[in-house]
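Reader: I am new to this model and would like to learn how to read it. Could you take me through it step by step?

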There are 2 protein chains.
Amino acid sequence: MIAQERIAILGLGLVGGSLARDLSARGAQVMGYDIDPLPLRAAQRARAIREIVDSDFTTLATATIVVLCVPVDAAPTLLEAIAPHLGATTLVTDVGSTKLAIGTRAATLGVRTRFVGAHPMAGDHRAGFAASTLGMFTGARVYLCPSAESSTAAKTKALDLWHALGADVRWTTPEAHDAEVAYTSHLPHLLSAALARTIERAGHDRAALGAGGQSMTRLAASSPAMWQAIVATNHEAIARALADCAAELEAVRETVARGDMEAICRLFTHTGRWLAEPTP
Amino acid sequence: MIAQERIAILGLGLVGGSLARDLSARGAQVMGYDIDPLPLRAAQRARAIREIVDSDFTTLATATIVVLCVPVDAAPTLLEAIAPHLGATTLVTDVGSTKLAIGTRAATLGVRTRFVGAHPMAGDHRAGFAASTLGMFTGARVYLCPSAESSTAAKTKALDLWHALGADVRWTTPEAHDAEVAYTSHLPHLLSAALARTIERAGHDRAALGAGGQSMTRLAASSPAMWQAIVATNHEAIARALADCAAELEAVRETVARGDMEAICRLFTHTGRWLAEPTP
């Protein structure tokens, strides 16, 4: 029962704020922490959090679940800072877009059996508590990435947490997770930025974008600090995905330059079918 | 006054259908034509058209405005077929995504002074009359591309038509138009298809896409026949845009592989600012 949990959300940005709203709405006792006092106050006013975690983290001793919702490059350091203050059965989890770096750090700390990494495939190009909403995780795919040492109790608690929010939970490993999101999430974001830069360099105004051009450049307005951190913790897999996509793009360019228009028709027929495949 | 015009919409797909709905709603007498009887009947039922253009085009003699709303590779042939049936002061225009090919054909026919090409930057990845809606052109940028021979009367009538629909009209030349949309529209569509293909080839399921990955692959479900035709009529400019984007992507890959994460932060900071620039 999620209503019986005392849950600490560390970092009240878009995802942390949305998580706090959802959990409070379901009756959980939610406490919040942020290095910036503004989202803390906003979260209190929105009744997304009931109390504030003190800056030396001693309040965390009473939490049954702790969720790290900070940028992926800040999460390992934060995990190290809070580890000595956690109760013996507290589930420690996170929401970061990469899972290997945080999982590796958790394994070196006293929380190894209680840590289960999580990655909700939800969000927005906007950042901050102001963009947070109720129901962000309903129907969203959420990857749970336990290590070999994660306890059954911790895994069960993580599953219950996300099921309570209506998420579509998938179990995977940190390695498989990071390899997959390099293609399904990180590549699309970097591609959007590369497209925006290409259009700008060619001297065209962003107001000249049609609906398609707008939707393809929207992600180029994502948080620079967040994406710096994500790329830093998954650069090898991302570099491979970028190389694959550049090769695909070169193949399309060659097809266009050669004037093989039937191949363009076949390409869209193929991708249209792929996109229409039923969800497994 | 648009309500005094007799307007023939040739081709009742997404754009033609939306145009017919909007013009009928504003009191114009709209007649429709399509090689497929299904959208014709659907447009009659939706009261988007009042009459049907006969298959030998003699009805067109009574039209004051004729709008070609067929794929860009079919438009020149259709223009040739209808040219002998048009009245001496009828405005002939179109809605195609490329403007050089149709403009060049118009110049060789008897309609050269009465033709003004148009391109509304509106639409959707869905196709067909079923996807057409009222108000599609409200606030949308619409390029008008007259030739040096287009009459002032024809240009005024084209401007009035799009102003009546609430469009943001911009005058340009067919050459400048085609060079620009290669970057602002055609490149984003081909990039979306290349991304979908990259993710599929890497063995990942489309259900694994998060919100960002979904929005970046949505255009890959666009009409194959329409995109074959668009690429066919603008392949040189599109091949250049694809080469520019591949070079940009390779620069990003090289930055990631080198581990220069601050450059990734600078990239998103730059593109975020570019996207936030006020509309001129």
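Reader: What radius of gyration does chain A have, and what would a compact globule with 280 residues have?

Author: Happy to start there, and please keep in mind that this is a predicted model. A compact globule with 280 residues would have a radius of gyration near 19 Å. Chain A has 21 Å, which agrees. Along the principal axes, the C-alpha atoms of chain A fill a box of roughly 65 × 40 × 35 Å.

Reader: How many helices and strands does the secondary structure of chain A have?

Author: Chain A has 10 helices and eight strands.

Reader: What percentage of the residues of chain A count as buried?

Author: Buried means under 20% relative accessible area. In chain A, 56% of the 280 residues count as buried. The accessible surface of chain A is about 10900 Å², and carbon and sulfur atoms hold 53% of that.

Reader: Which contacts join residues at least 24 apart in chain A?

Author: Take the contacts between residues at least 6 apart in sequence: 70% of these join residues at least 24 apart.

Reader: How many Å apart are the mean positions of the positive and negative charges of chain A?

Author: There are 25 positive and 27 negative charges, and their mean positions are 5 Å apart.

Reader: Why do we say that the copies meet through the same surface?

Author: Because 100% of the interface residues of chain B are also interface residues in chain A.

Note on methods
Residues are numbered from 1 along each chain as its sequence is written. Chains are lettered from A and ligands numbered from 1 in the order in which they are written. This is a predicted model: local features need pLDDT of at least 70, side-chain atom pairs count only at pLDDT 80 or more; totals for chains, interfaces and linings use all residues. Side-chain values use heavy atoms; hydrogens and water are left out. Helices (H or I, at least four residues) and strands (E, at least two) are DSSP runs, numbered from the N terminus. The radius of gyration is taken over C-alpha atoms; the globule rule is 2.2 Å times the number of residues to the power 0.38. Buried means under 20% relative accessible area, exposed over 50%, partly exposed in between (1.4 Å probe, protein chains only). Contact means heavy atoms within 4.5 Å. Accessible areas come from the Shrake-Rupley method with a 1.4 Å probe; for residues, only the protein chains shown count as cover. Lys and Arg count as positive and Asp and Glu as negative; His and the chain ends are not counted. The place of a charge is taken as NZ of Lys, CZ of Arg, CG of Asp or CD of Glu.
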